[in-house]
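This briefing is intended for reading alongside the sequence and the model. Please keep both in view while going through the points.

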Amino acid sequence: MFAFFSNTAARIRRDQKGATAVEYGIMVALIAVVIIVAVTTLGGNLKASFDSVACTVKGGTMAVATGAPAGTAATCSK
């Protein structure tokens, strides 16, 4: 009976599958955080760039209205 418990305890100590799964989980979480930060940071700039390109393709120009408060989005005018 003692040999059974001894062998079982030795197998549990050698089993590294749980540790590997935790390491992969942490790695996936960190990659997800980096992707979220990058998309959040670049998202506004990309939208403004695409809006500007779309306006140019339509033959207009991007401009902020005169007297508009700071941070106001530019609009396309022809």
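The structure is a predicted model, in which local features need pLDDT of at least 70 and side-chain atom pairs count only at pLDDT 80 or more, whereas totals for chains, interfaces and linings use all residues. Residues are numbered from 1 along each chain as its sequence is written, and side-chain values use heavy atoms, with hydrogens and water left out.

**Overall make-up**

- The protein chain contains 2 helices and 2 strands, where helices (H or I, at least four residues) and strands (E, at least two) are DSSP runs numbered from the N terminus.
- Along the sequence, these elements follow the pattern α-α-β-β.
- Of the 78 residues, 3% count as buried; buried means under 20% relative accessible area, exposed means over 50%, and partly exposed lies in between (1.4 Å probe, protein chains only).
- The protein chain exposes about 6700 Å², and carbon and sulfur atoms supply 71% of that area; accessible areas come from the Shrake-Rupley method with a 1.4 Å probe, and for residues only the protein chains shown count as cover.

**Disulfide**

- A disulfide is a covalent bond between the sulfur atoms of two cysteines.
- Taking a disulfide as a pair of cysteine sulfur atoms within 2.5 Å, the count comes to 1.
- Cysteine 55 and cysteine 76 form this disulfide, with their sulfur atoms 2.0 Å apart.
- Cysteine 55 belongs to helix α2 and cysteine 76 to strand β2 (residues 75–77), so the pair ties together parts that are 21 residues apart in sequence.
- The link of cysteine 55 and cysteine 76 is right-handed, with 80° about the S-S bond.
- Cysteine 55 is buried at a relative accessible area of 2%, while cysteine 76 is partly exposed at 38%.

**Salt bridge**

- Side chains of opposite charge can pair when their charged atoms come close.
- The whole structure holds 1 salt bridge, defined as a side-chain nitrogen of Lys or Arg within 4 Å of a carboxyl oxygen of Asp or Glu.
- The salt bridge joins the side chains of lysine 47 and aspartate 51 at 2.9 Å, N to O.
- Both lysine 47 and aspartate 51 lie in helix α2, 4 residues apart, which is about one turn of the helix.
- Lysine 47 counts as exposed, with 53% relative accessibility, and aspartate 51 counts as partly exposed, with 35%.

- Isoleucine 31 lies in helix α2 (residues 17–58) and is partly exposed, with a relative accessible area of 48%.

**Contacts between separated parts of the chain**

- Valine 64 is located in the loop between β1 (61–63) and β2 and is partly exposed at 46% relative accessibility.
- Leaving out residues up to four places away in sequence, valine 64 touches Thr72 and Ala74, contact being heavy atoms within 4.5 Å.
- The C-alpha atoms of valine 64 and threonine 75 are separated by 6.2 Å, although these residues are 11 residues apart along the chain.
- Lysine 78 sits in the segment after β2 and is exposed, with a relative accessible area of 82%.
- Apart from neighbours within four places in sequence, lysine 78 is in contact with Lys58 and Gly60.
- The C-alpha atoms of lysine 78 and glycine 60, 18 residues apart along the chain, are separated by 4.2 Å.
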